[in-house]
Amino acid sequence: MLNCCFNITDQIVYIPVDMINLCPYQPRRVFDTSKLMNLAQSIRRYGILQPVSVRFISEGHYELAAGERRLKAAKIAGLEVIPSVVVNIRDKDAAALTLIENIQREGLNIFEEASGIERLTGIFGYVLEEICRMLGVGKEFVEDRLLISKLSTEVRERLIGLEHTEEYAMLITELEDKELRLKAAEEIVKFSLDTKNAARYINKLKKDPEAAVTEDILKPRIKKYFKDIRIFTNTIKRAVEIMNNSGIETAYDIVKKEGKYEISIKVKGE
């Protein structure tokens, strides 16, 4: 619940879609086209089941407070008017309402969340406790998003498609220099570093800005690989034993060569 007062009418009105302008505080920057098309198809068949919320600006002009996906899909579906509820709400609370709806209804990516929360504090002056209460989240969640909001667009672009984006982003915030942050993001992508190896690399960058990704950073991953290989070779050994016990003369050989294993299996024919 917002820590403010605003009025919502209980009357649904039908407003021409071209009279509704988008909220400038919308945190979402990317919309899933396929989902919008599916929603548009549903709207053509069933109509809009939940009205959008708008603010009255002036005669013939409204601003969307909540429901951008529904508005976009309605336009795709060819609707000329859309069911709406008019709310009396301030700019700062419109920004909060838009952010809340996006987080709760159609999850934002980590950087959109960060930008939205940063806007609430930087432009509209909400304090941390108010944001936690409005979003229903803990203090750590908000503090982490505020740290991530300081990452450059270039860093965000490199991390956004990765699994565990949030973990990588938080690791990179430990670096203060913008160029080092970008370097870390590029190396994480280039070498496909997991979060543990990324943490090791970032710790090296803190001490030496010229540090590169070296074998000592990758070694734990290589050790895990060799451990998996030993499990595999034990399986081969057992299979060979079973074949020999069944009367099929079988032998195998394993040779380790510079970070790799060569395995050969020989089965004696009739």
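Begin by selecting Arg145 and Glu113, which are both buried, where buried means under 20% relative accessible area, exposed means over 50%, and partly exposed lies in between (1.4 Å probe, protein chains only). This is a predicted model in which local features need pLDDT of at least 70 and side-chain atom pairs count only at pLDDT 80 or more, while totals for chains, interfaces and linings use all residues. Residues are numbered from 1 along each chain as its sequence is written, and side-chain values use heavy atoms, with hydrogens and water left out.

Stay with these two side chains and display their nitrogen and oxygen atoms: Arg145 makes a salt bridge with Glu113, and the closest N and O atoms are 2.8 Å apart. The pair links distant parts of the chain, with Arg145 in helix H6 (residues 139–148) and Glu113 in helix H4 (residues 110–122), 32 residues apart. A salt bridge is taken here as a side-chain nitrogen of Lys or Arg within 4 Å of a carboxyl oxygen of Asp or Glu, and helices (H or I, at least four residues) and strands (E, at least two) are DSSP runs numbered from the N terminus. Side chains of opposite charge can pair when their charged atoms come close.

Next, select Glu63 and Arg55, which form a salt bridge whose closest N and O atoms are 2.6 Å apart. Are these two residues buried or exposed? Glu63 counts as buried because its relative accessible area is 13%, and Arg55 counts as buried because its value is 8%.

From there, move to the rings of Phe56 and Tyr62. Rings of Phe, Tyr and Trp (its six-membered ring) pair if their centres lie within 6.5 Å, with planes under 30 degrees apart counted as stacked, over 60 as edge-to-face and the rest as tilted. By this rule the count comes to one aromatic pair. Phe56 and Tyr62 form an aromatic pair of the edge-to-face kind, at 5.6 Å centre to centre and with 75 degrees between the planes. Phe56 is partly exposed, with a relative accessible area of 47%, whereas Tyr62 counts as buried at 16%.

Now colour the strands. Strand E4 (residues 52–58) and E6 run parallel and are joined by four bridges, and two strands are said to pair if DSSP finds at least two bridges between them. Within this pairing, Val54 stands opposite Val86 in E6. On E2, look for the antiparallel pairing with strand E6 (residues 81–88), which extends over four bridges; here Val13 has Ser84 in E6 as its bridge partner.

Follow the chain on to Asp18, in the loop between strand E2 (13–16) and strand E3 (20–21). Asp18 is exposed, with a relative accessible area of 65%, and its C-alpha atom is separated by 8.3 Å from that of Val81, 63 residues apart along the chain.

Two backbone details remain. Select His164, in the loop between helix H7 (153–159) and H8, where phi is near 65 degrees, a positive value in a residue other than glycine. Then select Ser192, in the loop between H9 and H10, which has a positive phi of about 50 degrees although it is not a glycine. His164 is partly exposed at 41% relative accessibility, and Ser192 is exposed at 52%.

Finally, zoom out to the whole protein chain, which has 11 helices and eight strands. Of its 270 residues, 39% count as buried.
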